[in-house]
Amino acid sequence: MNLIQYILEKTRTWADVFPQTRTLERAITVAVGILGGVGKRTITRAIGFNGNTQKDWSADYKLFSRSPWEPRELFN
């Protein structure tokens with residue numbers, strides 16, 4: 001198993017944490033971007049790492065401001 005497969009396998013366990021599948025998928029995308037990005041670990045860097053700099057960023061930021069989830073549950 002390679003590193004990306006391992007990360008995706010572990011983050012799929014977050015399915016119970018997020019209210020919708022699309023929110024889960026966005027959280028995984030941001031997490032991979034934060035892990036893989038160079039420099040400060042920010043949402044903006046994660047967006048850039050994922051090649052989404054020319055797309056609407058609002059949904060990525062709403063993941064942290066509007067989506068009802070508890071960060072501690074990611075580590076259970």
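User: Why is Phe 18 called buried?

Analyst: This is a predicted model. In it, Phe 18 has 5% relative accessibility. Buried means under 20%, so Phe 18 counts as buried.

User: What makes Phe 18 and Trp 69 an aromatic pair, and why is the pair called tilted?

Analyst: Their ring centres lie 5.0 Å apart. The limit is 6.5 Å, so they pair. The planes make an angle of 50°. Under 30 degrees would be stacked and over 60 edge-to-face, so this pair is tilted.

User: Why does the pair of Phe 18 and Trp 69 tie together separate parts of the chain?

Analyst: Phe 18 lies in the loop between helix 1 (3-11) and helix 2, and Trp 69 in the segment after helix 4, so the linked parts are 51 residues apart in sequence.

User: Which residues does Trp 69 contact beyond its neighbours within four places in sequence?

Analyst: Trp 69 is in contact with Val 17, Phe 18, Leu 63, Phe 64 and Leu 74. One aromatic cluster takes in Trp 14, Phe 18, Phe 64 and Trp 69.

User: How do you know that Trp 14 is buried?

Analyst: Trp 14 has 14% relative accessibility. The cut-off is under 20%, so Trp 14 counts as buried.

User: Which residues have the most contacts inside the largest nonpolar core?

Analyst: They are Trp 14, Phe 18, Leu 63, Trp 69 and Leu 74. The core has 14 residues. Helix 2 (residues 21-36) gives the largest share, six residues.

User: What makes the contact of Arg 26 and Asp 60 a salt bridge?

Analyst: The N to O distance between their side chains is 2.9 Å. The definition asks for a nitrogen of Lys or Arg within 4 Å of a carboxyl oxygen of Asp or Glu, so the pair qualifies. The structure holds one salt bridge. Arg 26 sits in helix 2 and Asp 60 in helix 4 (residues 58-65), 34 residues apart.

User: Are Arg 26 and Asp 60 buried or partly exposed?

Analyst: Arg 26 has 32% relative accessibility, so it counts as partly exposed. Asp 60, at 8%, counts as buried.

User: Why is Thr 23 called buried, and what does Thr 23 touch?

Analyst: Thr 23 has a relative accessible area of 13%. Buried means under 20%, so Thr 23 is buried. Thr 23 is found in helix 2. Not counting residues up to four places away in sequence, Thr 23 touches Phe 18, Leu 63 and Ser 67.

Notes. Residues numbered from 1 in each chain as written. Predicted model: local features only at pLDDT ≥ 70, side-chain atom pairs only at ≥ 80, totals over all residues. Heavy atoms only, no water. Core = buried A, V, L, I, M, F, W, Y, C linked by side-chain atoms within 4.5 Å. Buried < 20%, exposed > 50% of the residue type's maximum accessible area, 1.4 Å probe, protein only. Helix = DSSP H or I, 4+ residues; strand = E, 2+ residues; numbered from the N terminus. Contact = heavy atoms within 4.5 Å. Phe/Tyr/Trp six-rings, centres within 6.5 Å; stacked < 30°, edge-to-face > 60°.
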